[in-house]
Amino acid sequence: MDDSKVFGGKVKKPGKRGRKPAKIDLKAKLERSRQSARECRARKKLRYQYLEELVSSRERAICALREELEMYKQWCMAMDQGKIPSEIKALLTGEEQNKVHLSSTKQTRAVKAEANGNRC
């Protein structure tokens with residue numbers, strides 16, 4: 001027992017310290033590495049696909065906004081010339097109809113609220 005040391009009742013032999021290398025089948029390790037690489041490529045492909053869809057949807061939104069801006073520019077130029085575009089007239093008449101509809105709805109609600117208040 002010359003080479004061994006006693007610590008806390010345990011006998012320790014001198015030698016290499018640390019973790020001993022596990023005996024892993026090299027083919028299995030290589031296959032796991034390949035599988036991990038396949039999964040990584042698949043995730044990367046999905047990520048790029050998602051980003052491409054995101055970019056294309058934003059580009060479509062930008063195009064729609066540009067068209068809307070161009071329409072407003074044309075309306076402004078027409079109004080500067082003293083003409084009122086038919087679309088604006090339609091919007092104004094639609095707003096007037098909505099105001100009439102909203103006021104009648106509020107009146108109906110007020111009548112219903114009074115009727116409910118009288119029941120109690």
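User: Before we start, what counts as buried, exposed or partly exposed?

Analyst: Buried means under 20% relative accessible area, exposed means over 50%, and partly exposed is in between. Take E31: its relative accessibility is 37%, so it counts as partly exposed. Keep in mind that this is a predicted model.

User: Okay, and what does E31 pair with in a salt bridge?

Analyst: The general idea is that side chains of opposite charge can pair when their charged atoms come close. Here the partner of E31 is R38, with 3.6 Å from N to O. R38 is partly exposed as well, because its relative accessibility is 38%.

User: Now the aromatics. How do I read a pair of rings?

Analyst: You describe the pair by the distance of the centres and the angle of the planes. This structure holds one such pair. It is made by Y72 and W75, whose centres are 5.5 Å apart with 70° between the planes.

User: Where do Y72 and W75 lie?

Analyst: Both sit in helix α1, residues 26-80, and they are three residues apart, about one turn of the helix.

User: Is W75 buried or exposed?

Analyst: W75 is buried, since its relative accessible area is 13%. Y72, at 37%, is partly exposed.

User: And what span does α1 reach from its first C-alpha to its last?

Analyst: The 55 residues of α1 reach 80 Å, close to the 81 Å expected at 1.5 Å a residue. After α1 comes G82, which has a positive phi near 90°.

Definitions and conventions: Residues are numbered from 1 along each chain as its sequence is written. Side-chain values use heavy atoms; hydrogens and water are left out. Rings of Phe, Tyr and Trp (its six-membered ring) pair if their centres lie within 6.5 Å; planes under 30 degrees apart count as stacked, over 60 as edge-to-face and the rest as tilted. Helices (H or I, at least four residues) and strands (E, at least two) are DSSP runs, numbered from the N terminus. Buried means under 20% relative accessible area, exposed over 50%, partly exposed in between (1.4 Å probe, protein chains only). A salt bridge is a side-chain nitrogen of Lys or Arg within 4 Å of a carboxyl oxygen of Asp or Glu. The expected span of a helix is 1.5 Å times one less than its number of residues.
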